[in-house]
Amino acid sequence: MKRMYVLGFWACLSVKLVIGQSPIPEIEPYIDSLMEAENIPALSVGILLPDSDPIYVNKGHFDRSREREVNEHSIYQIASLSKMFAGIIAHQFLMQGKIRRHQPIADFFPNDLSNKARKKFEGVTFEKLLHHRADLPRNAKVGYKRKDGDPYLYEYTEEDMLQELAQLKRKGKGEFRYSNFGYSLLGYLLEQASGKSYQDLLQTYIFEPYGMGETTYTLPVGSPALVTPYRKDRREIKTEGWHMGKLSPATTICSSIHDLAKLMEAQIQAYRQVNSGGAMDKLFLTEYTEEAFEGMGDYGLGLFKWATGDLGHGGDADGFGCDYNFHPRENFGVIILTSSGGTWVIRLTIEMNKILGEYLEK
């Protein structure tokens, strides 16, 4: 999704904050106004500020019956923010030498994949795959017959992945081409490189080290732990379940504001450490980047580096929407999770960045 730096609806909502006061009393009324205007059933916001515990704002309910309110421990699908997790694991593997930046990804294709299929991927390296420059389609073709918001009930298997690689036609000239399939393939290749399941890799490299006990690889809609999603085009209609199998690395991680705040705190500190000349850290995902959108930002390892100096990734799928955005130099960040997404999520991030920036300057 192209990030548009316009304020739109939020243009009239700028506020001046006084140092020493919490920004929440100023931000909260505007969140209420936005939720009413957009008919949003649930929203959880996390704010990280220097020398402060995370601040949480939770609005709405698990579903439209309004029987149970959401809080910072409520679970949402984080959609394409899942790609950042794949980038973290890939960066750890690069640091450990398990994979190399300019290594052909075909080195990790199973032996029974045909030479013809392998030949199609000549010149495709891990770096190109990570930067969405591998000339791959946005979505898988095998078994992928759905529109956003419809149920995904087809478990994409390893056999489907191999069939995809055999049938796939690469198109493009190495330009940025955002690909959900590409990051699903990345997850599969990380499995091949390690001999471990992707779920185990997440647990080993991210969930356990950062204390993310509320975060899971996937959690079907309908689980009592998961906030109920609603279509972004018709917000009264629930989204049904999904079961994506090997396509999961691109989109299906489920998490809470509480857990994502832990990860963001660690990531901000990793960036401040590396930027000040300290040791490289696996959470530093923009060690090398390629241009994503001309004049607007670059893409690293599952993370956008915006021209405005902030870093992050958003997500929007199956009703759920999110944004994860942080400023290493200014030492603050914003996390947004919602059960009915849309472009309003980005507008909210932009305005909150403006408000918090003014707050920290006072």
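Reader: Which residues line the largest cavity?

Author: Rolling a probe the size of a water molecule over the atoms shows where empty space is left. In this predicted model, the largest cavity is lined by Leu129, His132, Arg133, Ala134, Asp135 and Leu136, together with Arg177, Ser179 and Gly182. About 40 Å³ of space lies in this cavity, and the count of cavities of 30 Å³ or more comes to one. Sorted by class, its lining has three nonpolar, three polar and three charged residues.

Reader: How much space lies in the largest pocket, and which residues lie nearest its centre?

Author: The largest pocket holds about 600 Å³ of space. Its lining is made up of 31 residues, and those nearest the centre are Ser80, Arg138, Asn180, Asp316 and Ala317. The elements that give two or more residues to this lining are the helices α6 (180–194) and α9 (344–361) and the strands β7 (304–306), β8 (311–317) and β9 (320–327). Of the elements, β8 gives the most, with five residues. By class, the lining of the largest pocket has 14 nonpolar, nine polar and eight charged residues.

Reader: Turning to helix packing, at what angle do α2 and α7 cross, and which residues meet there?

Author: Two packed helices are described by the angle between their axes and the distance between the axes. The axes of α2 and α7 (residues 198–207) come within 10 Å and cross at roughly 80°; angles of 65 to 115 degrees count as roughly perpendicular, and α2 and α7 are therefore roughly perpendicular to each other. On the α2 side Phe85, Ala86, Ile88, Ile89, Gln92, Phe93 and Gln96 take part, and they meet Tyr198, Leu201, Leu202, Tyr205, Ile206 and Phe207 in α7. This contact of α2 with α7 has 11 nonpolar, two polar and no charged residues.

Reader: How do the axes of α2 and α8 cross, and is that crossing left-handed or right-handed?

Author: The axes of α2 (residues 82–96) and α8 (residues 257–275) come within 14 Å and cross at roughly 45°, and the two helices are therefore oblique to each other. The crossing of α2 and α8 is left-handed. Here Met84, Phe85 and Ile88 in α2 meet Leu260, Leu263 and Gln267 in α8, and by class the contact has five nonpolar, one polar and no charged residues.

Technical notes:
Residues are numbered from 1 along each chain as its sequence is written. This is a predicted model: local features need pLDDT of at least 70, side-chain atom pairs count only at pLDDT 80 or more; totals for chains, interfaces and linings use all residues. Side-chain values use heavy atoms; hydrogens and water are left out. On a 1 Å grid over the protein atoms alone, a cavity is a set of points where a 1.4 Å probe fits but cannot get out, and a pocket is an open set with protein on both sides within 12 Å along at least five of seven lines; lining residues have an atom within 4 Å of a point. Grid points are joined across faces, edges and corners, and a volume is the space filled by probe spheres set on the points. Helices (H or I, at least four residues) and strands (E, at least two) are DSSP runs, numbered from the N terminus. Ala, Val, Leu, Ile, Met, Phe, Trp, Tyr, Cys and Pro count as nonpolar, Asp, Glu, Lys and Arg as charged, and the others, Gly among them, as polar. Axes are lines fitted to C-alpha atoms, for helices over the stretch in contact, and angles run from 0 to 180 degrees between N-to-C directions. Angles under 35 degrees count as roughly parallel, over 145 as roughly antiparallel, 65 to 115 as roughly perpendicular and the rest as oblique. A crossing is left-handed if the near helix is turned anticlockwise from the far one by less than a right angle, and right-handed if clockwise. Contact means heavy atoms within 4.5 Å.
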